[in-house]
Amino acid sequence: MQRQSHLLTLPNNPFFCFPESVGNYWSHPDHFTLRTAGSLNNFNIHYVVSGKGYVEWDGKVHTLEAGEAVLYFPLQRQHYYSSKDDPWDIRWVHFYGSGLQDYMIERGFHKSQLWTIRQPAAWVQVHEELLVEAETHRMLRPTKLSALTYAILSVFVEQAVPISGSKASSSGNRILELLPLMQQEAAQPFVLEQWAEQAGVSPYYFCKLFRSVMEMTPMDFITRSRLQMAKQWLLERKEVNIGEIAADAGYPSVSYFNKRFMEHEGMTPTVYRQLYGI
């Protein structure tokens, strides 16, 4: 069984954090999710109320039980599923916002995907409030949605403790710490050696680490970041022509920009602007 509410993504989000979707699954032994790296550009938390399930991370399968949660950063690969013998009751929220990545990294939440919530009742309570708000009012009270999402995040930040031992790994910390800066400077020429130097590793090992954490190459990440910027500018800067948008996003060649945009979005930048630039 399930309750879920999917909300409109705000193109010019004025809030620190805002929900993309929120829900609850229970008595669903076939619950299974596999998202490739780069599929979702938001954070999400899945918390187990009861029962158990499994999370595949860092090349291993980890059991997630009552009181434990998995936290995903934007663009990370996601693979989790319920136990068939003891199906989990799982509460989840997907959220996004300006500055969230820096906020989470500064507090060390990039160091593990697997967490225990010390006082789960508070998290479950505010999650239920957000779910009811989304089910009842949808997007009519965005300030309330943002406030409840921040409450969920605040409880998690205060109460979450990384699961130690075989469930935790810090092999990708250096990569995750660099992601906000790589995203910010994506329109600049990409020089692998410079980023490897910032991570304190060789270019070869940087690529290996990056693939391990993100399941894509560094250049794939830069491409996605550039196109994400371009999509935003196509809608916000309505009077600017496609060539200028392409150049600002790091593509001096308009034809190459169009080719990459088509590969990722299934349409040209011009069609994208016509469809969504209302």
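Analyst: C207 is partly exposed, with a relative accessible area of 25%, whereas C17 is buried at 1%; buried means under 20% relative accessible area, exposed over 50%, and partly exposed in between (1.4 Å probe, protein chains only). A disulfide is a pair of cysteine sulfur atoms within 2.5 Å, and by this rule the count is zero.

The model is predicted, so local features need pLDDT of at least 70 and side-chain atom pairs count only at pLDDT 80 or more, while totals for chains, interfaces and linings use all residues. Residues are numbered from 1 along each chain as its sequence is written, and side-chain values use heavy atoms, with hydrogens and water left out.

A nonpolar core is a set of buried Ala, Val, Leu, Ile, Met, Phe, Trp, Tyr and Cys residues joined through side-chain atoms within 4.5 Å. The largest one has 34 residues, of which I45, L71, V93, M104, W123 and F156 touch the most other members. Elements giving two or more residues to this core include β4 (43-50), β9 (89-96), α2 (120-137) and α3 (142-159); helices (H or I, at least four residues) and strands (E, at least two) are DSSP runs, numbered from the N terminus. The largest share, six residues, comes from α3.

Leaving aside residues up to four places away in sequence, I45 touches A69, V70, L71, R91, W92, V93, F95, W123 and F156, where contact means heavy atoms within 4.5 Å. A second, separate core of 22 residues includes A187, F206, V213 and M214. Of the 278 residues of the chain, 49% count as buried.
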